[in-house]
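This report describes selected features of one protein model, beginning with a sheet and ending with a helix and its surroundings. Please consult the display below while reading.

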Amino acid sequence: MSFFEQVRWGQLEASLIRVLVVDDYEPFRRIVCSTLGQMQDLQVIGEASDGLEAVRKAEELAPDLIVLDIGLPTLSGIEVARRIRKLCPECKILFMSQGSSADVAQAAFDLGAMGYLVKAHAGSELKAAVEAVCQGEHFVSKGLSRHSWTSHTGAQALAPLFHQEVRPSLRPDQAKITHSHELQFYSDDAAFLLGLACFIEAALNAGNPVLVVATESHREGLLQALLARGVDSGAAMEQGLYLSLDVHHALSTFMVNDLPDSVRFLKIFGDLLYSTAKAAKTKQARVAACGEFAPTLWGQGKTEAAIQVEHLTEEVARTCNVDILCGYVLTDLQREQQRPILERLCAEHTAVCVR
């Protein structure tokens, strides 16, 4: 007897299973809602079309199940799941994805998801997937079931966040590519936040999308600094023009034995820039990227890794229209004591400035 038959026969508590459906493609979202609506013991209590909205509605509605797309604007499904696990730990998650990568599916399970459904099979598998997840069982789409799955948490869980689909049409004519990769030294955190806030404000005012990769405290500080300057960062997030990621999570996706894996980094950072560019309102818009990949490694005493990351960043920057700002908080004494290494660092940038 199926789970839902047991509910109907009173063998389980006869209460509706409350479902939140999250997908940015409205026609597909309607299909999912319609299919779930045919299941007698389910109730679709809400829909969301982007990551931030999904987190907000999950917190407000406390659903029993979230059917969650991985490829979302504003926040990826992976980041949404990470936040929801903290806000609603009892909520079950069934991921949906266009891709059928075993690595992506494993990442979903690493985050605590109960199921992974390939969208191409949704017509035949959605009901079975939902029933399995509601029973506390794992579900994997056909074609992936031959793999063995674990449910541990690890660095790989965040990898799909940095492997968004890349559309070649976003890559400009090589002859027209211009980029800047600026290094700025700041005396303290206040100067650092002001410098990055000014950089972000200028980009958003020009209609350009912004990518921020920083520590949690700096990400929060930037939002406060932007608010103080009258910048509506919330609206920018909702429009997909402001993407903010945690630097430690990002580093875990490409660092191997305390050094960056060049293949992983080039893929990850390149995909990040191109996925950010999708939010641009005009074809000629530039991506503005700022953050602390290398500065975080530098602060951990991994100077060689920091220099390698800056070199790889420059390699990626040369392939697209982008403005990159790398901010380091160093005192005058630190800059003097580490001058030989800093000269190598400066050589990887198109401009250097002291604030």
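## The parallel sheet

L68 stands opposite F95 in β4. The model is predicted: local features need pLDDT of at least 70, side-chain atom pairs count only at pLDDT 80 or more, and totals for chains, interfaces and linings use all residues. Residues are numbered from 1 along each chain as its sequence is written, and side-chain values use heavy atoms, leaving out hydrogens and water.

Strand β3 (residues 65-69) pairs with strand β4 (residues 92-97) in the parallel sense, over five bridges. Strands (E, at least two residues) and helices (H or I, at least four) are DSSP runs, numbered from the N terminus, and two strands pair if DSSP finds at least two bridges between them. Six strands make up an open sheet with parallel pairing, in the order β2-β1-β3-β4-β5-β6. Because β2 (42-48) and β6 (139-140) are at the edges, each with a single partner strand, one side of each has no neighbour in the sheet.

## Helix α11

Helix α11 (residues 262-277) has 16 residues, which at 1.5 Å a residue should span 22 Å; the end C-alpha atoms are 22 Å apart, in agreement. The expected span is 1.5 Å times one less than the number of residues.

Among the buried residues of α11 are F265, F269 and L273, where buried means under 20% relative accessible area (1.4 Å probe, protein chains only). The buried residues of α11 pack against elements including β8 (210-214) and α13 (303-317); contact means heavy atoms within 4.5 Å. F254 touches F265 and I268, among others, not counting residues up to four places away in sequence.

Technical notes. Buried < 20%, exposed > 50% of the residue type's maximum accessible area, 1.4 Å probe, protein only.
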